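Please keep the sequence and the model open while reading.

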Amino acid sequence: MSGAQELAVRQKQEMANKEEKTIPGRYFIPAADIFETDEALTLIMEMPGVEKKNVNIALENDLLHVEGQIDFSNYQGMDPVYTEYNVGHYARRFTLSGKVDRDNISAQLDDGVLTLTLPKVKEAMPRRISVG
Amino acid sequence: MALFPDPFNTLLGLQEALDAFRTSGWLQSGPSGGGSYPPLNIIRKGDDLVLIAEVPGISKSDLDVQVKGRTIRLAGTKAVKYGENVSLHRRERLAGRFDRSVTLPVEVDADGVKAECRDGILALFLPRAEQDKPRSIKIG
């Protein structure tokens, strides 16, 4: 990707309510990239303002649930005078295929970007077969 | 002065307050380019202002912040990198360069500006210039 392109603003997308939340506040869908190599599937999500300790990743059956909570105590007592975006928690769900090695999923958070690496199980990796 | 006295409802109150000010004409989104990247919020703290922008995936070294008089300039590049030999399934994150100037309605003490960048959030603490502060006048 060349860096010469002008960067455009993308409005944050609010999550449609599929379940009731017990804590007040809005949820947004983080922008995500998904790519695959021979060994692993990588998920990258943008969650600005989320600290490491407030990321919650849960895997239940085939459903990967990623949630990032904003620490809104930083915003306490603030008086907004001009705004262009809203703040809120982030949540997104992904359905995984059977070829992911569930025990070895790793996560990393840098500059508000969460990277999840989902290694493939051995059986799903491509094999080279030589003709004898 | 607390805008949201109930801590449990802090986030909800903040979100509502942010929405209400979304259309405020305080900065007159004309030449200052409302809608440019990065999106930012400006918050008042006493006499001073705090500018907060969401810059996920941009490292400190790729950010250039300049302050002159009433104008703040935010420039930089955002790179989205993928490894070699990958097949992309979904691409929602955007990359590119940005250069945005914002003109504030108050003068800022450029020497006193503090910048903080953590977890993809850039915060600029902009103290109002001493000569620009309002003075209260006693009625004799």
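**Strands and turns**

E60(A) has L63(A) in β6(A) as its bridge partner. The model is predicted: local features need pLDDT of at least 70, side-chain atom pairs count only at pLDDT 80 or more, and totals for chains, interfaces and linings use all residues. Residues are numbered from 1 along each chain as its sequence is written, while chains are lettered from A and ligands numbered from 1 in the order in which they are written.

Strands here are DSSP runs of E with at least two residues, numbered from the N terminus, and two strands pair if DSSP finds at least two bridges between them. β5(A) and β6(A) run antiparallel and are joined by seven bridges. These two strands form a hairpin with two residues between them.

N61(A) is not a glycine, and its phi is positive, near 50°. Is N61(A) buried or exposed? N61(A) counts as exposed because it has 7 C-beta neighbours inside 10 Å; the cut-off for exposed is 12 or fewer other C-beta atoms within 10 Å, and for buried 20 or more, with C-beta atoms placed from the backbone.

In chain B, D119(B) lies in the loop between β7 (114-118) and β8 (121-126). D119(B), which is not a glycine, has a positive phi of about 50°. D119(B) counts as buried because it has 20 C-beta neighbours inside 10 Å.

How values were computed: Helices (H or I, at least four residues) and strands (E, at least two) are DSSP runs, numbered from the N terminus.
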